[in-house]
Structure formats: C-alpha cells, structure tokens
Amino acid sequence: MLTVKNCDLVQLPQIEDGIDGCISVVENLKHIKFEIKRVYYIYNLGNANAIRGKHSHKELEQVIFCVNGSFLLSVDDGENKQSIVLDKPSLGVYLGTNLWHTMTDFSKDCVLLVLASEFFAESDYVRDYEQFLEYVGKKK
Ligand code: TYD
C-alpha cells in the first residue's frame, strides 16, 4: 500500500490465455482517472548506475508501469517517502502532482511505460530537490 500523498497503485486487468500469454489493458478514463495525451517508454537500462526521474511535476499526472523486468520506484511527497518494486506488467503507480520520484535498480531487460495527462513541457518540471520542498511548502 502507498501512503505517500498524490500517488496510488493502479491494478490493471490481466487476461490470461494459458500457454498463449497474457494481456493487460488500459482504457482511457476507465482504469486511470485522467485523459491520456502522451505515452512514452524508457528502455536500454543496462547500466547498473542508471537513475531516472529525480523531479516532480506541477500539473502533470502520470501512471508508470514496468512492462518488462523490474525496477525500484521511490516517491516522496516532501514529508513521507516510500519505495516500491515494480515487476509486474499489470501493476502501475499513479504519480500525481508535487511528488518527487526516482527510478533505480533497473533489471537489464527493464522497460517502463508511462501514460501522461499532458504534452511534454519542461516548464512543468521541478528538477531541484530544495525547490521541490519550497514548492510543496515543506522547506524547513
Ligand atoms: P525526463 O522526464 O527527465 O526523464 P526521466 O523522468 O525518465 O528521467 O526526460 C529526459 C529527457 O527527455 C529530457 O531532456 C526531456 C526529454 N523528454 C522529451 O523531450 N519528451 C518527453 O515526453 C519526455 C518524457 C522527455
């Protein structure tokens, strides 16, 4: 269970076809609560030191899946932190606004799939942790 603010688990249906594999499906506004405007995927994660994320978003909402392999997702709302291993294609995590997130510990075959509520905009990113704490009003 995720207790950090602005994030949640997203369990997709898993349609099992026996020896013929599985299907998981996302339908717009049904399995996730925002309209999908952008889809991107992240791959070639063979370097053991790879670290992705390290930012929060002001407006953007996303759902992140590990469609192959595994990785560690760490989330931080400015007060509470949590980490979760994602290793099932049918289990995603909703990443809401103002949530610092980092992805590490990728298996060599790891592929991430991300569904996003907005087109890409660098201006929506907060890439500095101190600025993030300031933005969420948690700077000590
Ligand atoms: P970033 O979102 O920081 O990646 P991650 O969170 O996986 O570490 O993006 C990395 C680079 O790719 C950055 O220069 C912006 C660019 N980018 C786009 O141009 N369009 C996109 O949709 C995304 C997600 C990234």
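User: Buried means under 20% relative accessible area, exposed means over 50%, and partly exposed lies in between (1.4 Å probe, protein chains only). So how does Asp128 count at 34% relative accessibility?
Analyst: Asp128 counts as partly exposed, because its relative accessibility is 34%. Please keep in mind that this is a predicted model, in which local features need pLDDT of at least 70 and side-chain atom pairs count only at pLDDT 80 or more, while totals for chains, interfaces and linings use all residues. Residues are numbered from 1 along each chain as its sequence is written, and side-chain values use heavy atoms, with hydrogens and water left out.

User: OK, and where is Asp128 found?
Analyst: Asp128 is found in the loop that runs between strand E12 (125–126) and helix H1 (129–135), where helices (H or I, at least four residues) and strands (E, at least two) are DSSP runs numbered from the N terminus.

User: Which backbone nitrogen lies 2.9 Å from its side chain, I mean that of Asp128?
Analyst: That is the backbone nitrogen of Gln131, at 2.9 Å from a polar atom of the Asp128 side chain, and the backbone nitrogen of Glu130 also lies 3.1 Å from a polar atom of that side chain. For a polar contact, a pair of N or O atoms must be within 3.5 Å; within protein, one must be able to donate a hydrogen and the other to accept it, and residues adjacent in sequence count only if both atoms are side-chain atoms.

User: How far is Asp128 from Asn44, C-alpha to C-alpha?
Analyst: Their C-alpha atoms are separated by 25 Å, and Asp128 and Asn44 are 84 residues apart along the chain.

User: Switching to the ligand: which residues surround it?
Analyst: The ligand is surrounded by Arg38, Tyr40, Ile42, Arg52, Gly53, His55, Phe120, Tyr125 and Arg127, a residue being near if one of its heavy atoms lies within 4 Å.

User: What about the loop between E10 and E11, say Ser107?
Analyst: Ser107 sits in that loop, between strand E10 (100–104) and strand E11 (111–116), and it counts as buried because its relative accessibility is 19%. Leaving aside residues up to four places away in sequence, Ser107 touches Leu45, Gly69 and Ser70, with contact meaning heavy atoms within 4.5 Å.

User: Is Asp105 buried or exposed?
Analyst: Asp105, which is also placed in the loop between E10 and E11, is exposed, since its relative accessible area is 54%. Although Asp105 is not a glycine, it has a positive phi of about 55°.

User: How much of the protein is buried overall?
Analyst: Buried residues make up 39% of the 140 residues, and the C-alpha trace spans about 55 × 35 × 30 Å along its principal axes.
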